[in-house]
Amino acid sequence: VTIRDGERVHLVDRKGRVYPVTLRMGKTYQHSGQTISHNALIGLEDGSAVTLSGGNKFVVLRPTLAEYIMKMPRGAQVIYPKDLATILLWADIYPGATVIEAGIGSGALTMTLLRGVGEAGRVVSYEIRDDFAERALENIALYLGKVSNHVLHRKDIASGIEENNVDRVVLDLPEPWRVVPEAVRALRTGGIFLSYLPTVPQVARLVEALQGSGAFGMIETFETLQRPWNIEGRSVRPALRMVAHTAFLTVARKLATPVLVDPDATIEGP
Ligand SMILES: C[S@@+](CC[C@H](N)C(=O)[O-])C[C@H]1O[C@@H](n2cnc3c(N)ncnc32)[C@H](O)[C@@H]1O
């Protein structure tokens, strides 16, 4: 399918720098004093080379979800693709699942979850800030168009999850331990709780709350590091800089038979 009017595309220069453009018939894109009309981009094949008025060359690309997230307008800080990818498997997001999420932030996690649950599934977001909610809904619409299986509640998730028997609860908010009692009530047995948290004291407090609830087992916390490499002729080595820390992921499974967790027990490795 060729590139259409109204679509968001990325212009990528020779150094790999990315410039997002939302295409509108009749408009002109400007970059470093050089221009190209949007009409010249509309109708092109994905991945076509284009030349600006002054001779600068770019490739026009329809962004992948990860690329779109890194360049979309942000209200709140987004979850990076390395963590979004990990969340999909560790929270075991599957087609047809009902997933509760909070807060919506900029909508990066929401879009990722919507992909995972597919059209047969449902994503329900909770968000306390109207400005973030609006931004997120615009971001989602710009990439996914009209979505019929997404619901947004503008409220504190700790004050009550309105849905019952849900498959997954995925949290990116500063005080997830406040949500544990509601997550226990709303999750089906075998359901999964996942929380994304930037600091160690937060993780310690959350795990204590999960253990204390007596409702969860298989509680684990880990982080993922993505180290990019530089491959240029003979220079084959790790990149000099990396995103060294984003957050820890804590995952837990709701059990049918509650177990008491002994905090002093040693857990065997895999
Ligand atoms: C870091 S942002 C989430 C970013 C989002 N995961 C993304 O990838 O774009 C955290 C969000 O949680 C919201 N929030 C914080 N506490 C909340 C609560 N108790 N209930 C609902 N939303 C909450 C904040 O307003 C903020 O929008």
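1. The lining of the largest pocket has 19 nonpolar, seven polar and eight charged residues by class. Here Ala, Val, Leu, Ile, Met, Phe, Trp, Tyr, Cys and Pro count as nonpolar, Asp, Glu, Lys and Arg as charged, and the others, Gly among them, as polar. The model is predicted: local features need pLDDT of at least 70, side-chain atom pairs count only at pLDDT 80 or more, and totals for chains, interfaces and linings use all residues. Numbering starts from 1 along each chain as its sequence is written, and side-chain values use heavy atoms, with hydrogens and water left out.

2. The volume of the largest pocket is about 640 Å³. A pocket is an open set of points on a 1 Å grid over the protein atoms alone, where a 1.4 Å probe fits, with protein on both sides within 12 Å along at least five of seven lines. Points are joined across faces, edges and corners, and the volume is the space filled by probe spheres set on them.

3. The largest pocket is lined by 34 residues, and A102, G103, D172, L173 and P174 lie nearest its centre. Lining residues have an atom within 4 Å of a point. β7 (98-102), α4 and β11 (187-197) each supply at least two residues of this lining. Helices (H or I, at least four residues) and strands (E, at least two) are DSSP runs, numbered from the N terminus.

4. Check the backbone at A102 to G103. This peptide bond is cis, with omega near -20 degrees. G103 sits in the loop between β7 and α4.

5. N165 lies in the loop between β9 (150-153) and β10 (166-171). Most residues other than glycine have a negative phi, and most peptide bonds are trans.

6. Helix α3 (residues 81-90) packs on helix α4 (residues 108-117) at about 40 degrees, with axes 10 Å apart. Axes are lines fitted to C-alpha atoms, for helices over the stretch in contact, and angles run from 0 to 180 degrees between N-to-C directions. The contact (heavy atoms within 4.5 Å) is made by L84, I87 and L88 of α3 and A108, L109, T112 and G116 of α4. By class, this contact of α3 with α4 has five nonpolar, two polar and no charged residues.

7. The axes of α4 and helix α5 (residues 130-144) come within 10 Å and cross at roughly 45 degrees. The contact is made by T110, M111, L114 and R115 of α4 and N139, I140, Y143 and L144 of α5.
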